[in-house]
Amino acid sequence: RLAQFASDLQHFLRLQTPFPDFETLPKSNSNKDIYPEYMDICDVKYDRLRITLLKNGKIASDWIRNFFIHAEDVVVSDADYFRSVLMTWKKDPCLR
């Protein structure tokens with residue numbers, strides 16, 4: 001999928017040179033700081049937040065799938081995969 005995306009993006013941008021394989025490039029700009037904070041979204045204390053995020057994710061997913069990607073100036077590299085990813089925005093990752 002990554003190779004197809006890179007190829008589609010190269011053609012969309014009308015670039016002559018293909019993108020490099022980003023997996024092989026050094027991560028020179030990556031943040032090396034480590035923070036002690038950790039948030040487990042499945043923790044009961046975050047239930048209200050998770051419900052709000054899921055509600056907004058469903059609304060956004062529906063709008064993107066039903067309207068945005070059909071606009072004539074929108075290009076999606078792998079529409080089926082993109083739609084399947086958007087469907088995951090509606091699913092609670094913490095099903096109890």
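1. Helices, here, are DSSP runs of H or I of at least four residues, and strands are DSSP runs of E of at least two, both numbered from the N terminus. In this predicted model, the chain has 3 helices and 0 strands, and reading along the sequence gives the pattern α-α-α.

2. The radius of gyration of the chain is 18 Å, well over the 12 Å that the globule rule gives for 96 residues, so the chain is more spread out than a compact globule.

3. Of the 96 residues of the chain, 12% count as buried, and the chain exposes about 8500 Å², of which carbon and sulfur atoms supply 60%. Among the contacts between residues at least 6 apart in sequence, 56% join residues at least 24 apart.

4. A search of the whole structure finds 1 disulfide, which is formed by Cys42 and Cys94, with their sulfur atoms 1.9 Å apart. This pair links distant parts of the chain, given that Cys42 lies in the loop between helix H1 (2-12) and helix H2 (47-66), while Cys94 lies in the segment after helix H3 (79-88), 52 residues apart.

5. The torsion about the S-S bond of Cys42 and Cys94 is about -75°, so the disulfide is left-handed. Cys42 is partly exposed, with a relative accessible area of 28%, whereas Cys94 is buried, with a relative accessible area of 7%, under the 20% cut-off for burial.

6. As for charge, the chain has 14 positive and 14 negative charges, and their mean positions are 5 Å apart.

Notes: Residues numbered from 1 in each chain as written. Predicted model: local features only at pLDDT ≥ 70, side-chain atom pairs only at ≥ 80, totals over all residues. Heavy atoms only, no water. Rg over C-alpha atoms; globule rule 2.2 N^0.38 Å. Buried < 20%, exposed > 50% of the residue type's maximum accessible area, 1.4 Å probe, protein only. Contact = heavy atoms within 4.5 Å. Areas by Shrake-Rupley, 256 points an atom, 1.4 Å probe, with all protein chains shown as cover. Lys, Arg positive; Asp, Glu negative; His and termini not counted. Charge placed at Lys NZ, Arg CZ, Asp CG, Glu CD. Disulfide = S-S within 2.5 Å.
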